[in-house]
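Open the model in your viewer and keep the selection tool at hand. The stops below say what to select and what is there.

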Amino acid sequence: MTQEKKMLPYVVSNDENCQNRDILTKPAEQVKFPLNNEDRKIIEQLIYQFRHEENCAGLAAPQIGFSKRIIIFSVPEEVKDYRIDAFDTLPETLLINPTYKPLGEEKTLDWETCFSVNDYGGEVERFTHIYYEGFDANGNKIENEAKGFLARLIQHETDHINGRLYIHLLKPEARQGKLEEVRTIRKAELAAKKKIYANQD
Ligand SMILES: [Zn+2]
């Protein structure tokens with residue numbers, strides 16, 4: 001008998017009523033292959049949650065309460081409308097035991113938000129170009145390079161399983177604030193950037 005799935009509440013770092021917040025700041029457990037039933041269920045739940053969440057670019061297992069090294073992400077075509085450096089689209093990708101390393105020193109500053117940080121956003125520096133690897137649910141290795149927004153997304157999600165949130169990377173001088181303020185700034189900025197890009201063609 002299959003149990004009906006439900007959305008699980010997010011573990012939120014700045015919500016004092018959230019009981020298991022420490023899960024967000026400790027390294028998650030390595031997943032072993034072949035997957036056991038417990039890990040399979042966590043993966044199913046993460047996929048379910050990701051597919052039913054609106055405007056969700058990526059999720060990590062600790063965000064829904066499981067301290068496991070499992071992440072999921074995608075870059076659909078629409079992302080190009082609001083991320084100037086979304087060069088590559090990517091279908092839904094589940095990555096187990098993911099790691100990344102920078103390819104080059106270059107970093108890019110851009111806005112980030114997170115389901116584990118309520119009503120907040122800020123500008124964070126990330127490596128522009130990375131190499132990443134991990135495994136799919138069958139234990140097959142996945143490895144690739146990523147640039148721009150996809151690289152940012154993979155760094156954000158992989159950091160989650162290492163106990164690091166984007167707010168830990170926020171420099172004091174970085175622009176940051178409540179979501180409504182952030183949205184207003186981003187909207188204006190994106191319009192200006194697109195104009196510049198258009199004029200360069
Ligand atoms: Zn996040």
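Helices (H or I, at least four residues) and strands (E, at least two) are DSSP runs, numbered from the N terminus. This is a predicted model, in which local features need pLDDT of at least 70, side-chain atom pairs count only at pLDDT 80 or more, and totals for chains, interfaces and linings use all residues. Residues are numbered from 1 along each chain as its sequence is written.

Now widen the selection to strand 4 (residues 107-114) and strand 5 (residues 117-127), which run antiparallel and are joined by seven bridges. Two strands pair if DSSP finds at least two bridges between them. Within strand 5, pick Asp 119, which has a positive phi of about 45° although it is not a glycine. Most residues other than glycine have a negative phi.

Next, show the open sheet of five strands, whose order is 1-2-3-6-7 with antiparallel pairing. Its edge strands are strand 1 and strand 7 (141-147), each pairing on one side only. From one strand to the next, the twist averages 40° (axes are lines fitted to C-alpha atoms, for helices over the stretch in contact, and angles run from 0 to 180 degrees between N-to-C directions). Inside this sheet, select Tyr 100 and its bridge partner in strand 6, Tyr 132. Strand 3 and strand 6 (residues 129-135) pair over five bridges.

Move to helix 1 (residues 37-52). Which of its residues are buried? They are Asp 39, Ile 42, Ile 43, Leu 46 and Gln 49 (buried means 20 or more other C-beta atoms within 10 Å of the residue's own, exposed 12 or fewer, partly exposed in between, with C-beta atoms placed from the backbone). They cover an arc of only 130° around the axis, which puts them on the same side of helix 1 (the arc is that of the directions from the helix axis to the C-beta atoms). On the other side, Asn 37, Arg 40, Arg 51 and His 52 are exposed. Strand 1 (58-60), strand 2 (70-75) and strand 3 (90-102) are among what covers the buried residues (contact means C-beta atoms, placed from the backbone, within 7 Å).

Finish in the segment before helix 1, at Pro 34. A cis peptide bond, with omega about -10°, joins Phe 33 to Pro 34.

Definitions and conventions
Two residues are in contact if their C-beta atoms, placed from the backbone, lie within 7 Å.
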